Amino acid sequence: RRVLFRSISPCDDRKRDDDSPPHDRRPDSLTRVGDAELVGGKCDRLGEECVRECDEHRPESDEQEHPAVTIGEFRGNQKPGRDDASRIPALHGHGGSILSGMAFESAAGNDVIVASTSGPLSGEVTVPGAKNSVLKLMAATLLADGTHTLTNAPVIVDVEIMADLLRELGLDITFGPHAPGETGQRITIVNNGHITPVAPFELADRIRASVNVVGPLLGRFGRVDIGLPGGDDFGGRPIDMHLRGLEAMGAEFQASPGSVIGTCGRLRGAEIEFDFPSVGATENILMAAVVADGVTTIRNAAREPEIVDLCSMLQRMGARIAGAGTDVITVTGVDASVMQAVTHEVVTDRVQVATYMAAVAVCKGDVTIHRARPDHMGMLVERFTEMGVHVEDVHGGIRVSCHGPLSPVNVSKIGRAHV
């Protein structure tokens, strides 16, 4: 089988055979592109669709037209050949690519990637900073005037959307290339103190992380007016725990259809215990508590590496935080004037590292993943090892290899806590 990924418009009527919105479609509609019959997959809110193509629908001559190349970015009607592999640019800010056996096609003016069966994976890849960290670090810059710099930031759409939201609030944000020894991109954020704490619905609705501006805006400016956060289509993730925690610190909220308005004097330290270890609620309370009056204790706090990364940046900005990485975090508030701008390196995206590890497990091969943090994914490394994947610590990352059949293992899934 070959898997084909194609970017389409979310309103592409050719893909629809019912009245359901694009992101609710299931793989039950067919579209013909050339000689290939494509099965529409589940579409997300950005209009990306995964479609599958069986080999029997492709003429034999097509194999010669689109030889396998290393994955890269090609646009428009470009068709890379075998000699193009050495000059293909890095994909989305990555320092290299390990995926092979892929060809690029053009269909109806859209970019297409076709993934075919190939030999074992080999080579190396550099993983940029985590999306689940950089968006919250960007929000944290609301707490201090000056010029902040985030390095190793991922080159992804969510970062651009978050930047648009923060610009609307009053921050000046620019993107630049990474320096030698870094990956991804550099984000420069200038906070001149002239903040308007109103986040329009049309921006807040585009990204779930928009809710993370509530804590810093209330903590420093005493007011926030934000459209209810949108973002991915993974199901409902209410922000009740965010609001209850902030109410315990003295904030008052007034809800209206599609938005929430919060006001307060200076927030007060409080004892807060979450129903479950919500990542988003932990982050929001943290950012509000660093400039609150008194001590805030967060029990049943999230312990993810992204929480530790946020705490690390806040501490360097002037915050007093203890217990990062445990289920009890204590924050002693400081005056907002103490907080200062910093340069901070975004923690590596462990989800991307895990994806590359899984690719090696499935496709076999030998791959080095630079900037991987095995200490951030101990349980995953343990399970992969039990399955027959060899994971070795190397300088600045890990080396992952797999050459034989995988063994079955038992895995327990816990409920999603990234709210």
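In the predicted model, four strands are arranged as an open sheet of mixed pairing, in the order β9-β10-β8-β19. The edges of this sheet are formed by β9 (172-177) and β19 (343-345), each of which pairs on one side only. From one strand to the next, the twist averages 20°. Strands of a sheet pair through backbone hydrogen bonds, in either a parallel or an antiparallel sense. The parallel sense is found between strand β8 (residues 146-153) and β19, which are joined over three bridges. Within this part of the sheet, T151 has E345 of β19 as its bridge partner. Helix α2 (residues 131-140) packs on the sheet and touches β8, β9, β10 (185-191) and β19. The direction of α2 makes about 175° with that of β8.

A further helix, α8, comprises residues 305-317. The buried residues of α8 are P305, E306, I307, D309, L310, C311, M313, L314 and M317. An α-helix has 3.6 residues a turn, so residues three or four places apart point the same way. Just after α8, G318 adopts a positive phi of about 125°.

The cysteines were also examined. A disulfide is a covalent bond between the sulfur atoms of two cysteines. A search of the whole structure gives zero disulfides. C264 has a relative accessible area of 18% and is therefore buried, the limit for this class being under 20%. C363, with a relative accessible area of 39%, is partly exposed.

Notes. Residues numbered from 1 in each chain as written. Predicted model: local features only at pLDDT ≥ 70, side-chain atom pairs only at ≥ 80, totals over all residues. Heavy atoms only, no water. Disulfide = S-S within 2.5 Å. Buried < 20%, exposed > 50% of the residue type's maximum accessible area, 1.4 Å probe, protein only. Pairing = 2+ DSSP bridges. Helix = DSSP H or I, 4+ residues; strand = E, 2+ residues; numbered from the N terminus. Axes fitted to C-alpha atoms, helices over the stretch in contact; angles between N-to-C directions. Contact = heavy atoms within 4.5 Å. Expected span 1.5 Å × (residues − 1).
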